[in-house]
Amino acid sequence: MRLFVAIVPPRRALDELEATVAPLRPAWPGLRWAGRPAWHLTLAFLGEVGDDVAAGLEPRLSRAAHRHPSLALSLAGGGAFPSAGRARVVWAGIDSDRPALLGLARSVAAGARRAGAPPPDEGRKFRPHVTLARCRQPADVRALTESLTVHAGTPWTATEIHLIRSHLGAQAHYETVATWPLRTAPDP
């Protein structure tokens, strides 16, 4: 099964992002827009994982989540990978305590590695974002990313992480396999 670990923004944050993105879609019909149910902040993409390894992920990811406190986040701005002039992915940005978010992502990746599912993107710089659209061919989306820079969502608190299964196909969809709370109070 194809798995990743993510934070899912709350409905209010998604509503605000949708209000920014919806008027932009008609001008960019050549992009493959991700549907709102697919919007998430990936902490670690694990790729194809066997059932035996998946079973080992649960205790490891639970421990990783418990080591980190809830995080204040907001969806803000936007951009493109690798660049707005030759984009493959258009994204919304994440405003956060970067060191805390990076620490959580590293713990999740370490837990996955210890369970036998080394993330295939390990070693890449963690760049927190929510994927909005993909380009079939590299595209110049500078006007689109400029329109996204004005987005400044209401802050919210991430209190849990999710292990999510990706079902590929003509219309890909996601299924939450497990959820673990982040630490809400300091350990005694």
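Which residue in β9 is the bridge partner of Ile164? The legends below answer this and then move on to other close-ups of this predicted model.

**View 1. Strand β8 meets strand β9.**
The bridge partner of Ile164 in β9 is Thr176. Strand β8 covers residues 160-167. Eight bridges join β8 to β9, and the two strands run antiparallel. Strands of a sheet pair through backbone hydrogen bonds, either parallel or antiparallel.

**View 2. The open sheet of four strands.**
The strand order is β3-β1-β8-β9. The pairing is antiparallel, and the sheet is open. β3 (41-48) and β9 (173-181) stand at the edges. Each of these edge strands has a single partner strand, so one side of each is left without a neighbour in the sheet. Neighbouring strands are turned by 20° against each other on average, with direction ignored.

**View 3. The aromatic pair Phe4 and Tyr174.**
The structure holds two aromatic pairs. One of them is formed by Phe4 and Tyr174. A pair of aromatic rings is described by the distance of the centres and the angle of the planes. For Phe4 and Tyr174, the centres are 5.2 Å apart and the angle between the planes is 85°. The pair is edge-to-face. Phe4 lies in strand β1 and Tyr174 in strand β9, so the pair ties together parts that are 170 residues apart in sequence. Tyr174 is partly exposed, with a relative accessible area of 34%.

**View 4. Thr131 and its surroundings.**
Thr131 sits in strand β6, which covers residues 129-139. Its relative accessible area is 18%, so Thr131 counts as buried: the cut-off is under 20%. The side chain of Thr131 makes a polar contact with the side chain of His129, at 3.4 Å. Leaving out residues up to four places away in sequence, Thr131 touches Ala34, Trp39, His40, Val89, Val90 and Trp91.

Note on methods: Residues are numbered from 1 along each chain as its sequence is written. This is a predicted model: local features need pLDDT of at least 70, side-chain atom pairs count only at pLDDT 80 or more; totals for chains, interfaces and linings use all residues. Side-chain values use heavy atoms; hydrogens and water are left out. Two strands pair if DSSP finds at least two bridges between them. Axes are lines fitted to C-alpha atoms, for helices over the stretch in contact, and angles run from 0 to 180 degrees between N-to-C directions. Buried means under 20% relative accessible area, exposed over 50%, partly exposed in between (1.4 Å probe, protein chains only). A polar contact is a pair of N or O atoms within 3.5 Å; within protein, one must be able to donate a hydrogen and the other to accept it, and residues adjacent in sequence count only if both atoms are side-chain atoms. Contact means heavy atoms within 4.5 Å. Rings of Phe, Tyr and Trp (its six-membered ring) pair if their centres lie within 6.5 Å; planes under 30 degrees apart count as stacked, over 60 as edge-to-face and the rest as tilted.
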